[in-house]
Amino acid sequence: MLRVVVCVSGGGTNLQAILDAEAEDKLAGAHVAAVISNNREAYALKRAEKAGVPGLCVSPKDYPDRETYHRAFLEAMDSLQPDLIVLAGFLVKIPAEMIRRYSGRILNIHPSLIPAFCGTGYYGLKVHEGVLKRGVRVTGATVHFVDEGMDTGPILLQKAVEVRPDDTPETLQKRVMEEAEWLLLPSAIRLIAEGRVKIWAGKAVVQTKEGDLL
Ligand code: GRF
């Protein structure tokens, strides 16, 4: 069984999509073993509690400096023995040592079609503000493996979402979540749990089969 640890900072709607998929047996046996947040107020921790999943908070505010925080965060993660780490709206840069130690086993969800509207400064609503400002007709979401860069790791899944003339950043964010993010993350976890994903020459390769929706 694939042990999954989900890292969150906010509302946790992506976490909820993963928890719901597990409850409906759509994760090919993968199990959310724990949820870690940097923010003790994150509603995502309440979602974990309701689902009976252990939640813990490792907050930078509780440590004198970044290095000590990174060490504590990594120790907490190691103690959970994850097979897969999922960053679901996690707004803290993860320690470089963690990226090395869990290379090829950390996923992130980004609310745009990478390489568009990503990298420094593009997170949360700012992504959708950029999309509307540029006037693109299509946006979407991306699940990618995490490497040392910002939103630069191998792309695993993407899904396009139309931009409507009357969209605001908020309406667009909601549609990208509903039509893309909440489908992509559970699908990505299922594919990995089924052993159908390999990283080859810096690209994620998916062994597709009949009936794959994504
Ligand atoms: C989502 O839009 C996700 O793409 C981005 O941060 C937001 C997190 O939302 N990384 P939630 O906490 O999963 O509701």
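1. Helices (H or I, at least four residues) and strands (E, at least two) are DSSP runs, numbered from the N terminus, and in those terms Asp83 sits in the loop between helix 3 (66–80) and strand 4. The model is a predicted one, in which local features need pLDDT of at least 70 and side-chain atom pairs count only at pLDDT 80 or more, while totals for chains, interfaces and linings use all residues. Residues are numbered from 1 along each chain as its sequence is written, and side-chain values use heavy atoms, with hydrogens and water left out.

2. Asp83 has a relative accessible area of 32% and is therefore partly exposed, given that buried means under 20% relative accessible area, exposed over 50%, and partly exposed in between (1.4 Å probe, protein chains only). Not counting residues up to four places away in sequence, Asp83 touches Met1, Leu2, Arg3 and Arg105, where contact means heavy atoms within 4.5 Å. The side chain of Asp83 also reaches the backbone nitrogen of Arg3 at 2.6 Å; a polar contact is a pair of N or O atoms within 3.5 Å, and within protein one must be able to donate a hydrogen and the other to accept it, with residues adjacent in sequence counting only if both atoms are side-chain atoms.

3. In helix 1 (13–23), the residues Asn14, Leu15, Ala17, Ile18, Leu19 and Ala21 are buried. These buried residues pack against strand 1 (3–8), strand 2, helix 2 (43–50), strand 4 (84–87), strand 5 and helix 6. Asp25, which follows helix 1, has a positive phi near 55°, and at 62% relative accessibility Asp25 counts as exposed.

4. Oxygen atoms of the ligand are involved in the following pairs: a polar backbone atom of Gly11 is 3.4 Å from a ligand oxygen, a backbone N or O atom of Gly12 lies 2.8 Å from a ligand oxygen, and an N or O atom in the side chain of Glu181 is 2.7 Å from a ligand oxygen.

5. The lining of the largest pocket comprises 36 residues, of which Gly89, Phe90, Leu91, Asn108 and Tyr123 lie nearest its centre. A pocket here is an open set of points, on a 1 Å grid over the protein atoms alone, where a 1.4 Å probe fits, with protein on both sides within 12 Å along at least five of seven lines, and lining residues have an atom within 4 Å of a point. Helix 1, strand 5 and helix 6 (169–193) each supply at least two residues of this lining.

6. The loop between strand 5 (106–110) and helix 5 (125–134) holds Pro115, and the peptide bond from Ile114 to Pro115 is cis, with omega near 15°. Phe117 lies in the loop between strand 5 and helix 5 as well, and Phe117 has a positive phi near 50°. Most residues other than glycine have a negative phi, and most peptide bonds are trans. Phe117 is buried, with a relative accessible area of 16%.

7. Ser37 lies in strand 2 (residues 31–37) and is buried, with a relative accessible area of 0%. Leaving aside neighbours within four places in sequence, Ser37 is in contact with Val8, Ser9, Ala42, Leu45, Leu56, Cys57 and Val58.
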